[in-house]
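Work through the exercises below with the sequence and the coordinates at hand. A solution follows each task.

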Amino acid sequence: GLGSSIRISNCELRDNAASFGGGLGAVSSTVVVVGSKFSGNDAASPAWAAGGGMWSSGCQGEVSDCVFASNSALSSVVPGDGGGLFTRDSDLAVSGCTFIANNAGAGGGGFYSYYYDGAVVSGCRFEQNTAQFGGAAYLERSHASIAHCAFVQNSAAAGGAVEINDNSTNVFDDCDFTGNTASQFDGGAIQ
């Protein structure tokens with residue numbers, strides 16, 4: 001939706017596709033997603049694609065108690081970002097969510113926070129997500145804060161769990177990083 005108020009509760013968004021937001025795409029809207037599952041969705045395009053499960057640009061609201069499973073962001077020319085959830089210049093509270101087995105061709109297999117994004121992520125679990133950079137999460141020009149989260153067995157070429165880049169200012173509080181792998185470069189847990 002564009003400039004809308006969206007509430008999704010106890011729904012399953014499965015096996016959908018779009019260039020941005022395979023499951024859900026929201027622009028300049030108030031978004032509330034509760035107790036829902038995003039699975040097998042794909043952000044795919046010949047050019048850049050993002051937000052396999054969900055894409056948020058200029059939004060506010062919350063995503064709580066949701067599951068993002070086996071979503072992907074891939075493209076044939078410019079690799080995709082944010083396999084599970086992509087947030088750009090948004091203020092979303094993301095809480096109690098599970099991100100599992102999501103994939104991105106470039107950054108943020110589970111979650112990508114971009115362009116002065118102020119996401120507040122708490123009590124989430126990121127497990128077995130993969131990407132080229134930031135297997136679980138990629139933070140670019142981001143002000144996201146992440147607390148009480150578990151990062152388990154995520155993998156990437158660099159930043160096995162998290163990649164922080166391009167003037168980001170981020171806070172991690174009481175998070176657990178276990179068994180994450182950077183296969184080619186730095187930062188098994190965080191780069």
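**Exercise 1.** List the residues in contact with Val121, leaving aside its neighbours within four places in sequence.

Solution. Apply the contact criterion, heavy atoms within 4.5 Å. The residues found for Val121 are Val94, Phe111, Phe126, Ser145, Ile146, Ala147 and Cys149.
The model is a predicted one, in which local features need pLDDT of at least 70, side-chain atom pairs count only at pLDDT 80 or more, and totals for chains, interfaces and linings use all residues. Residues are numbered from 1 along each chain as its sequence is written, and side-chain values use heavy atoms, with hydrogens and water left out.

**Exercise 2.** Find which members of the largest nonpolar core touch the most other members.

Solution. Take the buried Ala, Val, Leu, Ile, Met, Phe, Trp, Tyr and Cys residues (buried: under 20% relative accessible area, 1.4 Å probe, protein chains only), and join them through side-chain atoms within 4.5 Å. The largest core has 32 residues, and Met54, Val63, Val94, Val121 and Phe126 touch the most other members. Two or more residues each come from strands E1 (5-9), E4 (24-27), E5 (30-34), E13 (91-95) and E20 (137-140). Apart from this core lies another of six residues, including Ala50, Tyr112, Tyr114 and Tyr138.

**Exercise 3.** Determine the strand order of the open sheet of seven strands, and explain what is left at its edges.

Solution. Strands are DSSP runs (E, at least two residues), numbered from the N terminus; two of them pair if DSSP finds at least two bridges between them. The order is E2-E6-E10-E14-E18-E22-E26, with parallel pairing. Strands E2 (12-14) and E26 (176-178) stand at the edges with a single partner strand each, so one side of each has no neighbour in the sheet. On average, neighbouring strands of this sheet are turned by 5 degrees against each other, direction ignored, with axes fitted to C-alpha atoms.
Lys37 has Val67 in E10 as its bridge partner.

**Exercise 4.** Is Phe68 buried or exposed?

Solution. Phe68 is found in strand E10. Its relative accessibility is 0%, so Phe68 counts as buried. Leaving aside neighbours within four places in sequence, its contacts include Phe38, Met54, Val63, Leu85, Phe99 and Ile100.

**Exercise 5.** How many helices and strands does the protein have?

Solution. The protein has zero helices and 27 strands. Of its 191 residues, 52% count as buried.

Terms used: Helix = DSSP H or I, 4+ residues; strand = E, 2+ residues; numbered from the N terminus. Axes fitted to C-alpha atoms, helices over the stretch in contact; angles between N-to-C directions. Buried < 20%, exposed > 50% of the residue type's maximum accessible area, 1.4 Å probe, protein only.
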